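Me: I would like to learn how to read strand pairing in a model. Where do we start?

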Amino acid sequence: MEAKTENPQEILESVIIRFVGDSGDGMQLTGTQFSDTSAMFGNDVATFPNYPAEIRAPQGSLYGVSGYQVHIGSVEISTPGDEVDLLVAMNPAGLKTNLHAVKPGHTIIVDTDSFTKKNLEKALYESNPLEDNSLENYRVIEVSMTSLTKETLKEVQGLDNKAITRSKNMFALGMVYWMYHRSTEHTIEFFQKKFKSKPEIIEANTKVLNAGYYFAETLELIPNAYTISPAKMEAGTYRIVMGNTATAWGFLAAAEKSGLELFLGSYPITPASDILHELVKHKHFGVKTLQAEDEIAGITSAIGASFAGDLAITTTSGPGLALKGEALGLAMMIELPLVLVNVQRGGPSTGLPTKTEQSDLLQAMYGRNGESPVIIIAASTPANCFNYAYEAAKLTLEHMTPVILMSDGYIANGSAPWKIQSVNEMPEIKNNLLKEFKENWHPYDRDQDSLARYWAVPGTPGMEHRVGGLEKDKVTGNVSYDPENHEYMTNIRAEKIKRVQNYIPDQETEFADSGDLLVIGWGGTYGSLHSAVKHLNDEGYKNIGFAHFHYLNPLPTNTEALLKRFKKIIVCELNTGQFVKVLKSSFNGFEFLQFNKIQGLPFANNELVQKFKQLVT
Amino acid sequence: METTAVKEYTYKDFASDQEVRWCPGCDDYVILRSVQKALPEIGIKKENVVFISGIGCSSRFPYYMDTYGMHSIHGRAAAIASGVKLANPDLSVWVITGDGDSLAIGGNHFIHVLRRNLDLNIILFNNEIYGLTKGQFSPTSLVGQKTKSSPYGNTQPPFSAGELALGAQARFFARIGGNTPKEMTEIFIQSQKYKGTSLVEVLQNCPIFNDGCFAKYTDKAVREDRQLYVEHGKPMIFGKDRDKGLILKGIRLEVVTIGENGIEETDILIHNAKEHDPTLHQMLVRLEYPMVTGIIRSFNDTTFEEREDALTVQVKANSSFRKTDDLFFSGDVYEIKE
């Protein structure tokens, strides 16, 4: 197909590419390779996988489409982006379900071999979009990738038809590498490591990758290539991390720093399972993991481990948080350290397991019987999942009360460059362990400042004591039904959480410290909100400030003062308004505007920009 | 586990300062005292003993022990205890639970803890009733039993704790009447010495809501005739006159009288608690006459923590990672220069 001639070697600030195909086509791998290679080249990157809940949905079906979006740039990249500059569609279903995201005038690469009558029917196309002019607003590059892959591999021994067809994704990747001036070297090294014992697979993938690369180079049908220069990033050693991996690593770092052993009790659930998958690998650090019989055993085994002196965590997603509620109340009542990671997904009930949402905040705040406050913090980017996991561990150990760490499917599965932080650079973690016999000690003696109790663990002579879910005497910890004591204990448990305010940083604002509009967000929406406010700031709207909350309970002490410095406040959330309820119940005299979306998708840049603009003009 | 060379404690050292508050006449007192008597015999240091309980009358138990303890939430003691043991395998960890706690609300943890075989000691107080909630039927209550929640008779067939446990791969199962402290103490000693999950079912009378529930087996007057107390390596003989025994006839156990129909003592089955195949143990567990007590099964197997530990050793030996920095800076890292 003829393409409009443009200047060769166009220089771009950033580009968004989406690879789509069948769930068995290897799109996740293709996308990961492209983002890793680009990061190593020095670009900032953000990625987002989008795959169906079905593991192998029927081939060619619309609901079986799996996609991976990569946003790379020479500028700061804070989200995987909305509309795409290049769509690589391995089949008609992929094209059909993703065409709406392609910017008009931009490029689509298709594997023409997959546009068969059968596949077109499965994708519910009445006519072939490659032939009926319905794509005339796009630059379509038609490549018979499957045939070219077969041709490339006809002389490689030991491959069956399936293996040959499956490597066509590397043909696509080779083409895209050439288009964006990326080297194939990293991916070839990856093959060599991954398929060590299968030389024929290394050979096949390498050949097809190179074939795609040279095909793109020699093809006059691709008139231009794009250059994206390295981004201006802080100097240092980096690697690409997924949010869930970063979360797991934050706990590894906290365990090392605190000198405690790490215990994870968990039950598999999407999208939190990758934290379990990651931690189970690290037995070399003495990490103990228990894949329990259910969500309840996940948390209760962690409570047991905490009682015995480990840094104990449990991981889950929304429905699992519901199941863990009673046990979390026990941990709060017996005042033991415990981190619960909730990687939120679309709810309610089973909801949308593979989609993102922020609708568990109120469950985290109030989802337990009785008055049972806990510390709640939230990570906001794939990379800072590391820091907030570390912070959650630090807070739980220092304050002797459970911490819920909120993540979500979007940042948990998304990946981005992480400037590696050595444990040596991380803040100290003190713990409240009593390692030796202490005269006149009582289980519910408290630190004067933080109100944290002390942690005497089994094995310590002379410190034998009992804890339990029944209300306890304020000093001895023995069961107490005394009315005054119950009120005292209820209040002190609340006060203990409130005093965490004295140990957390003030809430910061970006772009403007005061002005016409304050944009408020929390959790995984940081990237979307930040880029929208930045966009407006760049356009000259200097009166819009942005406050993204990581500490949700308790809120930072300066929150109210900060709210007062803006004329209007808008709280943006991927739910129908949960954090705004927390703010409303905490601060009087403010009008909180809301921007909510509950589609299982992140905010789009343009919808935010439009909304904010409206409010300041 | 660190053990004391000489007997350092008496049972009194294991009693906490808390007043015991079970109903007068409850077998729970017997169990408490038996445990307190067993511990000095085992010779474990007090600070290394942990009692974890769920909810129910029995679950008040940890408050009365001067050891580490947790009175937790309903049904979850086995899962909490698993965490304690995995965190510190040097501890002697005891689970105190009841028929409601373990066989109803905590059924899932109960079967999985047995399957995994951690070195835990579980004492299941079975009184065939819910006591703490004042008298509803439990998963071991009999069909037809009239309770607060079954005024016209219970219609749910009961679990046999032993049958369920063996089905869940229990390697150690013992049963004992709540009124035989001497044997009970001995069983607790053996259960602690056993490496793996040991389950001891105590047939515990509830004098308030289910009085006499096991009387036909446990009453002093009938005990010897209605109970067979098995011991490994010994013939399965019972009866006041020690003249009754078990033989295997076809695929069923049969009660015979020694000296009748040509039966001699040598014909009586010898109890093998260490047999891997649980078939005979299952038959013993199911038997109603005689009710079999004692250590029915004690099969030695690898524990969960041994498997985990072996894996950890292996992974450590094959890994160059010692500190998290080794991991963080390994693999696909890249430098961004000024």
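Reply: Start with the definition: two strands pair if DSSP finds at least two bridges between them. Keep in mind that this is a predicted model.

Me: Which way do strand S5 of chain B and S11(B) run, parallel or antiparallel?

Reply: Strands of a sheet pair through backbone hydrogen bonds, in either a parallel or an antiparallel manner. Here S5 (residues 172-177) of chain B and S11(B) run antiparallel, joined by four bridges. Within this pairing, Ala174(B) has Ile295(B) as its bridge partner in S11(B).

Me: How many bridges join strand S7 of chain B to S11(B)?

Reply: Four, and S7 (residues 227-230) runs parallel to S11(B). Leu228(B) has Val292(B) as its bridge partner. Val230(B) stands opposite Gly294(B).

Me: In what order do the strands of the open sheet lie?

Reply: The nine strands follow the order S17(A)-S2(B)-S1(B)-S3(B)-S4(B)-S6(B)-S5(B)-S11(B)-S7(B), with mixed pairing. S17 (466-468) of chain A and S7 of chain B are the edge strands, each pairing on one side only. On average, neighbouring strands of this sheet are turned by 20° against each other, direction ignored.

Me: How many residues of S11 in chain B are buried?

Reply: Eight of eight, across residues 291-298; the strand is mostly covered.

Me: Which residues touch the most other members of the largest nonpolar core?

Reply: In soluble globular proteins, nonpolar side chains tend to be buried together. This core has 260 residues, and Leu405(A), Val519(A) and Val84(B) touch the most other members. Beyond its neighbours within four places in sequence, Leu405(A) has contacts including Val339(A), Ile377(A) and Tyr388(A).

Note on methods:
Residues are numbered from 1 along each chain as its sequence is written. Chains are lettered from A and ligands numbered from 1 in the order in which they are written. This is a predicted model: local features need pLDDT of at least 70, side-chain atom pairs count only at pLDDT 80 or more; totals for chains, interfaces and linings use all residues. A residue is buried if 20 or more other C-beta atoms lie within 10 Å of its own, exposed if 12 or fewer, and partly exposed in between; C-beta atoms are placed from the backbone. Helices (H or I, at least four residues) and strands (E, at least two) are DSSP runs, numbered from the N terminus. A nonpolar core is a set of buried Ala, Val, Leu, Ile, Met, Phe, Trp, Tyr and Cys residues joined through C-beta atoms within 7 Å. Two residues are in contact if their C-beta atoms, placed from the backbone, lie within 7 Å. Axes are lines fitted to C-alpha atoms, for helices over the stretch in contact, and angles run from 0 to 180 degrees between N-to-C directions.
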